[in-house]
Each structure stands twice: as C-alpha cells, then as structure tokens.
Amino acid sequence: MPELPEVETVVRTLRKLVLNKKITKAKIVYPNLLKQPTDTQQFESEITGQKILAIERIAKHIIFVFQNKVLISHLRMEGKWFFEPEGAQTNIKHQEAYFIFDDGMQLAYYDTRKFGTLHWQDIDNFREQKPLVTLGPEPFSELVTPNYLAKRINKSSKHIKTILLDQTIISGIGNIYDDEILFAAKIHPLKLGADISQIDFENIIDSSRDILAKSVEMGGTTIDSYQSAHGIDGKFQNFLKVHTRVNKPCLECQTLITKIKVNGRGTYFCPQCQVL
Ligand SMILES: [Zn+2]
C-alpha cells in the first residue's frame, strides 16, 4: 500500500508528465471509483476542457488542482496512475478511468483491488469536506509537537502501533513506516498510548520526520506491488531496519527480529531494542 513517501513520489512524477495539460475527454469506466459527484456524466463534462494547474499531496491523497475545482485521488491498496498514449489499456481489466489530453496522450487510473477513490470538489472548501476534513497534521507539520501528541494519545488504551496508523491523529504514516519509526524511537509496538512518555513523543516525532524524509529522497519503498506512475521503483526498501526482516538479526544488537500481529497488521520489531 503506498504511504506518504510513495504518494509524494507519484506526485513528483505526475508533475513532470501532465502539468498544464488540457483534458479533451474524460471517462469513468468503473463508476464506483468516483465518490463525489456520483453522477459520472456530470463529472466527465465538468472536467473536460480544464487544465491541470498544479498537483499537490496532502497526507496520502493526490490533489489535481484545476481552476475552480480539485480532483482528489486516494490510491488505497493498489491504485496506479499511468501516462500513456491515447487509447492504451495497459491492463484492460483494471482500467477504471482515463483522461485524454490535447497532445494525444492520456492519464489513466488502474486499480486491481478497486479500493481507490476520486472526489471532485470545489477548490474553496475541499479541506473542510470528507475525505480531507478528518485528517490530522502530517509528521512534518509544526502542529505535531510532543504536547499535541500527549493530548491526543496519553489517555489511550490502544497500542502505539495502532495509534500511529490513526490518520486523524497524525496523517501519512502507514504500516511499513510505523514499524520503522517505532524501531528508531526504541518503543515496543504494544506499548499503550497511556504509557508513552514525553521523551517517547519527542523520539516518535524526530524518527517520523527522519524516516519519511529519507524515504521521499529514495523515491519511496517498493515492496509487494507498489509502483509509482510509470513503474518507477523506490529504493527505501534497502534501508528498512525491521519491516519484512522477520528472523533476521537486528542491525543494532543482532537479536532476531520478531513478527506479530497488532490489530490485524503484520508488525516487526526487535524484542531487545524495543522493550515493553
Ligand atoms: Zn535490536
């Protein structure tokens, strides 16, 4: 599943490919992709003739910016944007939408799992609407401070691993980086929110920023089936210290990395470096 660094990589790639291009035809092939409006014909006619003026990222959402509107794309598990010649069907079974430009190329959305979403909203108030309104600040935001985290977390009886996945507290952290952040911060994934100390909060913030920034620099992590637009592979998987490394020696202390399930999510940690 693409997380913040992978989505940032997709956004940077898309900017190089489709910025300032004008859409001459739009087609939603799989109507359930479009959550707002639900009338696909209305959407197709509104976006036709519009130019992509900017492409931004908010947490794990891709924001295509038009004159008065934004198109918000969430890739969820397996969504991918491909820039390809008009009429191409890189994977015909899974093509869910395409946007043809005036230069004979198209941007098409493919999703083998069909969980991805599109929202077409007014530029003036999209941050106050679902899906963005419930998002907490990103780790890079100055709003994320030890005091902020303490207020949100220190009465929680949930495990810290689960808490960091809660996009309403901090947005942009997914399963891979959660494990890496907790390893760097030397916190056991099953530690309860109520037991997290002020120093732990500082370490979580510092580790989140370091790890996500480094991953963005590397183009994200390529494991499972994640690929950014155009099949560009990230390289951060070579720098993962615990995630996917079950029964391999910890890079700090040589203890074997353990894998457990926390709230259904595969979770990797070092039982020596991350004591409960
Ligand atoms: Zn260790």
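**View 1. Residues 241-275, listed by UniProt as "domain: FPG-type" in an unreviewed entry.** Over residues 241-275 of this predicted model, the chain is 0% helix and 29% strand, with the end C-alpha atoms 17 Å apart; helices (H or I, at least four residues) and strands (E, at least two) are DSSP runs numbered from the N terminus. UniProt annotations may be inferred rather than shown by experiment, and their positions follow the numbering used here, with feature names shortened. Residues are numbered from 1 along each chain as its sequence is written, and side-chain values use heavy atoms, without hydrogens and water. Local features need pLDDT of at least 70 and side-chain atom pairs pLDDT 80 or more, whereas totals for chains, interfaces and linings use all residues.

**View 2. Residues 2-116, where UniProt places "domain: Formamidopyrimidine-DNA glycosylase catalytic" (unreviewed entry).** This span is 20% helix and 38% strand, and its end C-alpha atoms lie 11 Å apart.

**View 3. S207 in helix α6, which covers residues 198-217.** S207 counts as buried because its relative accessibility is 8%, where buried means under 20% relative accessible area, exposed over 50% and partly exposed in between (1.4 Å probe, protein chains only). Leaving aside residues up to four places away in sequence, S207 touches I181, A184 and A185, a contact being heavy atoms within 4.5 Å.

**View 4. The chain as the setting for these close-ups.** The chain holds six helices and 11 strands, and 54% of its 276 residues count as buried. Among contacts with a separation of 6 or more, 63% join residues 24 or more positions apart.
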